[in-house]
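Hello,

Here is the structure we talked about, with the sequence. My notes on it follow below.

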Protein chains: 2
Amino acid sequence: MKLTKQTWQPATEKIYDTIVIGGGAGGLSAGIYLQRYLLDTLIIDKGKARSFWMSELHNYLGLPPDTPGRSVLRQGKEHFLSLGGDLLDAYVEEVIDEGETFAIRVKIGRNNSQYHTFRAKYLIAASGIIDYLPELENMRNVYEYAGYNLHVCLICDGYEMADKKVGVFANSAGNAEVVFPLGWFTSNITLFTQGLFEVPDDLRSRLEAQGYQIEATSIEQFIGEDHQMTGVELTDGRIVKLDTGLISMGSKYHATYLDKFELEKQGGNLVTDKMARTSHPRIFAIGDLKVGLNQVVVAAADGALAATQIWRDIRRSTFSKTVVQQARD
Amino acid sequence: MKLTKQTWQPATEKIYDTIVIGGGAGGLSAGIYLQRYLLDTLIIDKGKARSFWMSELHNYLGLPPDTPGRSVLRQGKEHFLSLGGDLLDAYVEEVIDEGETFAIRVKIGRNNSQYHTFRAKYLIAASGIIDYLPELENMRNVYEYAGYNLHVCLICDGYEMADKKVGVFANSAGNAEVVFPLGWFTSNITLFTQGLFEVPDDLRSRLEAQGYQIEATSIEQFIGEDHQMTGVELTDGRIVKLDTGLISMGSKYHATYLDKFELEKQGGNLVTDKMARTSHPRIFAIGDLKVGLNQVVVAAADGALAATQIWRDIRRSTFSKTVVQQARD
C-alpha cells in the first residue's frame, strides 16, 4: 500500500525483507520480483526518476517507441502495489547497519517534515543519478527542452540526432569527448564550452580534424517552441541555429546515504557482482548507480537479478516461507 | 523489411553488420538497439520463442501482468521493422567463420525449401532454449495446459503456485531438486517421476522430511478444461487432483550451429563477459543460451549490451558511419 504521513506507523514496527531506495525502473522491477518471491518489500521513492524526464522511451522492448518514461513508472508502481508492496514518498537521510538489519531514517514531506525509521534485512540502492544541466539564469528555459530534443544520453538518442546539426553542451574536456562517438551519427557538431573549461590543444586538433566547431561564448538561452529546441542565443547576442542538442555535463549520484559503507567503486559507480551485489553482502546496487550501461531495460533486469539473489539468500537461511510466517505468528 | 522466398536476393549480396539468430525477447531487443546504432541488422527467426508460449508475462516492468508473451514479440518485431531492420523466417543450418565475416546458411520454408547464405561481421546467438515436456501419447493434451497453469519456470511462476497443491513433473533426480525451492511457495507438493528415474535414498528422505509425496506411476493424461489443469489421470486409472503443475525436465538448446566453435561453456550455457561476448570475439550470446537468469527482461537487457558492444567495436574500427558509407558507395 501507499504509506503516508498518516499510515506510516505499522510499517515502522516490522522488519521488511528488503527496502529498495528509489522507485525508478530498477527499483520498481526489483519490487515486482521481490513481492512475487513473497518477500515483504518497501520502496522509498523521492520521485522524479531519470526516466521520468524522458518524453519518449525509444528502445524498450515491448513498448511502442513513443511511450513516455513516466508511463513505465506509473505502470510499474501500479503493478508493485497490486502485489501488496509498500511504497513511501520520502527522502532517505541515513542508513545504519545494525548487523542483521538496516535502520533507514527517512524524511517525509518537504514542509512540516516527519522523521521515521524503517527496518529491513536487505537493502537495494536504486536511487540512480540525475544529469547536470547547463546553469542558465532561467532554468525553466532549460527544462522546456531537456528530455525532448535536448538529449542527455548518446546511447539512447544518437539515432534521434542522425545527420542533424547538433550542439554539444559540455563542462569539461573529459565530458566533451562525447562528440567523437556522436560523430558516428552526424558530422555537423558544435561544441559549446560556455567558457567553463579551456579546450586542450590535443582535443582542439582532434575536433578540427573532424570539422567540428567550437563555441566558447556563454549561452543566454535556448530558443525554440513546443519543447523543440531550434538553437541557442549567446550572451553576445549571436544566435546559433541547431536541430538538436546533447548535454554532457556529468551526473549527480543520489547515494550519499551509502558513503560511510565505503563500498567498492569504479569511477563514481558501484562495483557489483553478476547478481548486483555490492562489496557489502546485504547491499545490492542496480541501475545507473552501478558500473554498466545506463539504460532502462538494463536497470529493470538488474532489479530482477538483485531480487532473485536476495530470495536465494533468505530462502537458504530460512528454508520456507511457511517456517518464516510461523516464526512471525 | 520482412524477407521472403521472393525477396531474399538483395540481402544475400550485402554484408550485414550483425546477424541475430533468434527473434525472441533478446534477439528483438538487440535488433532494436543495433538499428538505432545505424547498424544493418538481419534477424533470422524460426518462430516460437520460449516467451511465445507464455499466456501471461507477470513480471516485466512496464507491461500489465496479464500481457501475453506473444504481444511483446509482436510489438518488438514491429518496432524492429519500423527501424529498417530485416527479418527472415528461416532455420539456420550452418555458420562458417570466414575471418572478417560469418557466412550463415539457412533453410527457408519447410516445404519446397530454399537454401541461401547471408553474411555479417558479427553474430548474436539468441536462439534460446525450449523446455522438454512430458511425453504423452497425445501431446495436444500437454500443450492444452503448458504455459497456462502447467508452468515450466519456478522463478517466473512460483508466485502463481503459492499455497496450492502442485504436481512436479521431473525426469531425473537432478531436475527433481526444484521441489525444494518450490517449497518456499507451497508445502503441498507431489513429485511425479513417471518411472523415468529411481529416487535416490538421500533425495527420498529429504522429500519425506518435508512431507512431499512421490508418485512413480506414469501419466495417462492431464485433466482439466479451458487451459486450466485440475489433475492427472495415471496409467493405472487413478486420478490425482492438483491445482497447478511445474515441469522440470530440462531444456533443449537451440544452438547446434555453434558446436564447432567450441565456445566456453558452463553446464550447457555459454560463458559471456559483461557485454554478452562469448569466448569468440565476434560471437555474442544473449538470453537463455548464456549463463544467467532465464527471464524475458534479462534477455532484453542482454540484447542492449551485446548491441552496444558491437557498435563500439565497429565504431572504433571505422570511426564514423559516414566513412563506412563512403567506402561502400
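Chain B can be laid on chain A with an RMSD of 0.0 Å, using a turn of 180° and a shift of 0.0 Å along the axis; the superposition is by least squares on the C-alpha atoms of residues with pLDDT of at least 70 in both copies. The two copies are thus related as by a two-fold rotation axis. In chain B, B:Ala301 has the C-alpha nearest that axis, 3.1 Å from it. Both copies use the same surface, as 100% of the contact residues of chain B recur in chain A (contact: C-beta atoms, placed from the backbone, within 7 Å).

This is a predicted model, in which local features need pLDDT of at least 70, side-chain atom pairs count only at pLDDT 80 or more, and totals for chains, interfaces and linings use all residues. Residues are numbered from 1 along each chain as its sequence is written, while chains are lettered from A and ligands numbered from 1 in the order in which they are written.

On confidence: the model scores ipTM 0.94 and pTM 0.95. Chain A has a mean pLDDT (the predictor's confidence in each residue, from 0 to 100) of 94, and 97% of its residues reach 70 or more.

Within chain A, the axes of helix α2 (residues 25-36) and helix α9 (residues 296-318) come within 7 Å and cross at roughly 35°. Helices here are DSSP runs (H or I, at least four residues), numbered from the N terminus; axes are lines fitted to C-alpha atoms over the stretch in contact, and angles run from 0 to 180 degrees between N-to-C directions.

Regards

Terms used:
Helices (H or I, at least four residues) and strands (E, at least two) are DSSP runs, numbered from the N terminus. Two residues are in contact if their C-beta atoms, placed from the backbone, lie within 7 Å.
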